[in-house]
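I opened my notebook to look up a few local details.

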Amino acid sequence: MKRRNLYIKTFGCQMNERDSEIIAQLLHGSGFIPVHDMEAADLIVLNTCSIRAKAEQKVYSLLGQLRQYKLRNPGLLISVAGCVAQQEGEQIQRKMPHVDLVVGTQQLYRLPEMIRRLDNGAHHLKPAVDISATFAIPSMRELTGPDPEAGLPSPADGGVRKFITIMQGCNNYCSYCVVPYTRGREISRPVADILDEVGMHATRGVREITLLGQNVNSYGQTDPVADRPVDFPALLHMVARTEGLRRLRFTTSNPKDLSDRLMRCFAEIDILCPNFHLPVQSGSDRILRRMNRKYTVADYLDKVRNLRRYCPDITLSTDIIVGFPGETDEDFEQTMQLLETVRFHSSFSFKYSDRPGTRSAAFGDKVAEQVKADRLSRFQTRQDRISLERNREYVGRIVEVMVEGAGKNNHLQGRTAGNHIVHFPGPPGSAFRPGDMVMVRINRAGQHSLAGTMLMEDSDA
Ligand code: 5AD
Ligand code: SF4
């Protein structure tokens with residue numbers, strides 16, 4: 001088989017990061033080897049995101065630059081995958097005729113076959129486009145054979161944390177969100193496939209697993225072909241029993257579906273990390289209603305209180321949209337108030353952006369760009385301060401850190417269960433490998449990370 005170079009550029013979320021890994025796994029079987037240099041590629045895959053207009057613009061701007069690459073190297077194949085591919089379909093090729101392949105979010109698995117057809121001279125069929133829907137997610141073993149991890153970096157090369165997709169799609173239809181259109185309806189993967197993949201990773205030395213889905217709380221519940229009695233809390237318990245696994249995380253949850261059983265998992269499962277991303281979007285009930293979020297601020301605060309009751313050390317992060325259509329100064333003040341009440345450890349905040357096909361794109365009362373920018377900057381300034389204060393609470397404390405790799409100046413870098421990045425000097429002469437657990441006394445806190453010194457095994461901390 002001819003060896004060819006593959007360059008994948010990933011935009012957007014962790015689901016996309018994982019999908020890019022799957023693309024690399026699938027294409028390994030067709031002789032494609034990942035490279036870091038786009039100029040050296042025989043196949044470039046852009047795995048795209050469409051969540052905000054800016055994300056989509058980035059894709060088109062990179063595609064524009066790739067025209068030159070194709071002129072210099074006519075044999076180069078250019079493929080667009082992911083959410084923009086799903087949303088735009090054949091229009092991509094109309095705007096960018098140098099694109100060879102367009103593959104939607106549910107048809108990644110067809111990439112090897114589509115490339116084979118182009119290799120076999122089916123260029124008259126260009127562009128090869130497949131954005132059709134699917135009703136089941138094939139297992140990695142079905143797709144790649146007995147060693148699905150062949151060609152991926154080993155855990156020792158930095159892969160001790162892995163993401164596993166447990167479901168795709170979303171049925172919630174928040175009024176601003178393009179995901180139900182780009183990722184389709186919810187489909188849950190079979191439990192056996194998930195456990196098989198987790199087990200395979202753990203055997204290879206992976207120590208931390210994050211279970212991924214747009215809406216993990218409804219795992220196994222809304223899928224039309226699901227006849228499985230396993231819901232998300234049950235799945236967490238099953239995954240947690242995997243031998244060799246030290247840490248378990250998941251993302252993302254919608255507060256409306258956050259059950260008491262799931263919250264209790266934080267008290268019941270010792271390897272479940274005390275860290276939760278719970279997107280709230282707004283602190284105003286009026287805006288939450290217009291967003292179709294189906295919970296109130298009081299409901300949200302109730303869940304936060306319960307989470308903290310089950311797990312007092314839990315670190316919370318959130319997503320916020322400012323300047324949703326119709327958001328008044330008063331609504332925005334309520335979002336600022338929510339920030340003061342919860343004091344999130346960190347947050348991702350965005351200016352509202354119209355997305356094609358969403359309900360809010362048709363709302364008339366849009367907020368001016370400058371007002372959105374001012375609100376975003378006020379929110380982020382306050383959050384930065386709170387993150388710093390939150391991080392300072394750790395100074396003087398001893399935390400368990402999983403080593404991830406070498407940092408600068410002979411320092412090591414790792415992560416706490418609460419998801420804080422920690423830098424600390426590696427003791428001279430010692431060799432630490434990614435995945436090792438060490439105890440670190442924190443002596444400094446920044447906005448985005450902590451720093452400290454490692455406790456030696458024989459020291460009496
Ligand atoms: N405009 C701005 N932000 C958005 N998000 C989703 N859709 C939009 C939009 N149209 C944000 C939400 C979501 C995160 C992934 O992106 O906060 O939780
Ligand atoms: Fe972007 Fe959403 Fe698609 Fe992820 S699912 S790539 S965030 S649009």
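**Entry 1: ligand 1.** I began with Gln281. An N or O atom in the side chain of Gln281 is 2.7 Å from an oxygen atom of ligand 1. I note that this is a predicted model. Next I checked Arg52. A polar atom of the Arg52 side chain lies 3.0 Å from an oxygen atom of ligand 1. Then I turned to Ser353. Here a polar backbone atom is 2.7 Å from a nitrogen atom of ligand 1. I also looked up who else is around ligand 1. The residues there include Ile51, Tyr176, Asp319, Ile321 and Phe350. Lys351, Tyr352 and Arg355 are also among them.

**Entry 2: H8 and H9.** Two packed helices are described by the angle between their axes and the distance between the axes. I looked up both for helix H8 (residues 191–203) and helix H9 (residues 232–240). The angle is about 30°, and the axes are 10 Å apart. H8 is therefore roughly parallel to H9, as angles under 35 degrees count as roughly parallel. The crossing of H8 and H9 is right-handed. Which residues of H8 and H9 meet? From H8 I wrote down Val191, Ile194, Leu195 and Val198. From H9 I wrote down Leu235, Met238 and Val239. By class, this contact of H8 with H9 has seven nonpolar, no polar and no charged residues.

**Entry 3: H12 and H13.** On the H12 side, the contact is made by Val297, Tyr300, Leu301, Val304 and Arg308. On the H13 side, Leu338, Thr341 and Val342 take part. I sorted the residues of the contact of H12 with H13 by class: six nonpolar, one polar and one charged.

**Entry 4: the backbone.** Most residues other than glycine have a negative phi, and most peptide bonds are trans. I looked for exceptions. Where is there a cis peptide bond? One joins Thr251 and Thr252, with omega about 10°. Thr252 sits in the loop between strand E11 (247–251) and helix H10 (260–268).

Then I checked phi. Asn292 is not a glycine, yet its phi is positive, near 60°. Asn292 is in the loop between helix H11 (285–290) and H12. Lys294 is not a glycine either, and its phi is positive at about 65°. Lys294 also lies in the loop between H11 and H12.

Notes:
Residues numbered from 1 in each chain as written. Chains lettered and ligands numbered in written order. Predicted model: local features only at pLDDT ≥ 70, side-chain atom pairs only at ≥ 80, totals over all residues. Heavy atoms only, no water. Contact = heavy atoms within 4.5 Å. Helix = DSSP H or I, 4+ residues; strand = E, 2+ residues; numbered from the N terminus. Nonpolar A, V, L, I, M, F, W, Y, C, P; charged D, E, K, R; others polar. Near = heavy atom within 4 Å. Polar contact = N/O pair within 3.5 Å; in protein donor to acceptor, adjacent residues only side chain to side chain. Axes fitted to C-alpha atoms, helices over the stretch in contact; angles between N-to-C directions. Parallel < 35°, antiparallel > 145°, perpendicular 65-115°, else oblique. Left-handed = near helix turned anticlockwise from the far one by under 90°.
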